Amino acid sequence: MKFTFVTLFENLVKPYFEDSILKRAQNAKILELEFKNPRDYAKNKHQKVDDYQAGGGAGLLMFPEPICDLLDIIKKDNPNAHIIFPAPAGKPFRQIDAKRLAKKEHIVFVSGRYEGIDERVIEEYGDEVFSIGDYVLTGGELASLVMSDAISRNIKGVLGNEDSLSEESFEDGALEAPSFTKPNIFRDSAIPSEFLKGNHAIICTLKKEMSGLKTKYFRPDLFLRNKGQFDEK
Ligand code: ADE
């Protein structure tokens, strides 16, 4: 998988990939990163990339030409590059999207700054527009990081143990059950005793119950959406 980050501030993105699992994935040639700065494609004297909004409105918008020139070059190199614009006005980014996008060969994240990007760029080049939550960030970089991280861990070979993907939150529309490690008793709080007895069928049933309760309590929206699968238990 190749990720291209189109951003005015690559230093906001780069360090995240310089350690741990995602660093290992790059060393193993599973992941390749590229950074492109729209400012390098601005043709005006001061390499300006933003301007006032048509019709008024607070703040500046990134204007089309530098970003479009840059995206044209990326598309020419790889017509299959999948272009994503993070934006608060996008569709919600979910685990199912992370899994689907992990199968792409090249994803381009285009981060807006200031008040965002001229809508015509998004209309012409955007394969998808995603929001990572109902709040407004100062730019698309954090959202691009969140999405690229969630996508990466679904690429074959990135996580050491692929099993860890199958039992985690959202895999079957539920939050993951609580997990425990040593010691068996910590500050008067004990691990549920069944977890220590080694009967995997019982532990599995218990975890499903806990997962259902947790989902109902913390994410009633998820619980209702996937009600059928909780009823079965
Ligand atoms: N850019 C600013 N806020 C955002 C959000 N919530 N999701 C994605 N991109 C954004």
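Strand β1 (2–6) is mostly covered, with four of its five residues buried, where buried denotes a relative accessible area under 20%, exposed over 50% and partly exposed the range in between, for a 1.4 Å probe and protein chains only. The structure is a predicted model, in which local features need pLDDT of at least 70 and side-chain atom pairs count only at pLDDT 80 or more, whereas totals for chains, interfaces and linings use all residues. Residues are numbered from 1 along each chain as its sequence is written, and side-chain values use heavy atoms, with hydrogens and water left out.

Five bridges join β1 to strand β2 (residues 32–36), and the two strands run parallel; strands are taken to pair if DSSP finds at least two bridges between them. Within this pairing, F3 has L33 of β2 as its bridge partner. The chain passes from β1 through α1 to β2 in a right-handed β-α-β crossover, a term that applies if, with the strands pointing away from the viewer, the path from the first strand over the helix to the second runs clockwise. Strand β1 also pairs with β6 in the parallel sense, again over five bridges, and F5 stands opposite F109 in β6.

Helix α5 comprises 12 residues and spans 16 Å from its first C-alpha to its last, close to the 16 Å expected at 1.5 Å a residue, the expected span being 1.5 Å times one less than the number of residues. This helix is mostly covered, since nine of its 12 residues are buried, among them E141, L145, M147 and I151. The elements that cover the buried residues of α5 include β1 (2–6), α1 (20–27), β5 (82–92), α3, β6 and β7, contact being defined by heavy atoms within 4.5 Å.

Side chains of opposite charge can pair when their charged atoms come close. The structure holds 13 salt bridges, each defined as a side-chain nitrogen of Lys or Arg within 4 Å of a carboxyl oxygen of Asp or Glu. Because R113 lies in the loop between β6 (106–110) and α4 (119–125) while E141 belongs to helix α5 (residues 141–152), the pair ties together parts that are 28 residues apart in sequence. Both R113 and E141 are buried.

A further salt bridge is formed by the side chains of E128 and R100, at 2.8 Å from N to O. This pair links distant parts of the chain, with E128 in strand β7 (residues 128–131) and R100 in helix α3 (residues 95–101), 28 residues apart. E128 counts as buried at 7% relative accessibility, whereas R100, at 35%, counts as partly exposed. Salt bridges that share partners join K91, D97, R100 and E128 into one network. In another salt bridge, the closest N and O atoms of E10 and K14 are 2.8 Å apart; E10 is partly exposed, with a relative accessible area of 29%, and K14 is likewise partly exposed, at 31%.

At the level of the whole chain, the division is into domain 1 (2–152) and domain 2 (169–229), with bounds that come from an automatic or database domain assignment. The C-alpha centres of domain 1 and domain 2 lie 36 Å apart.
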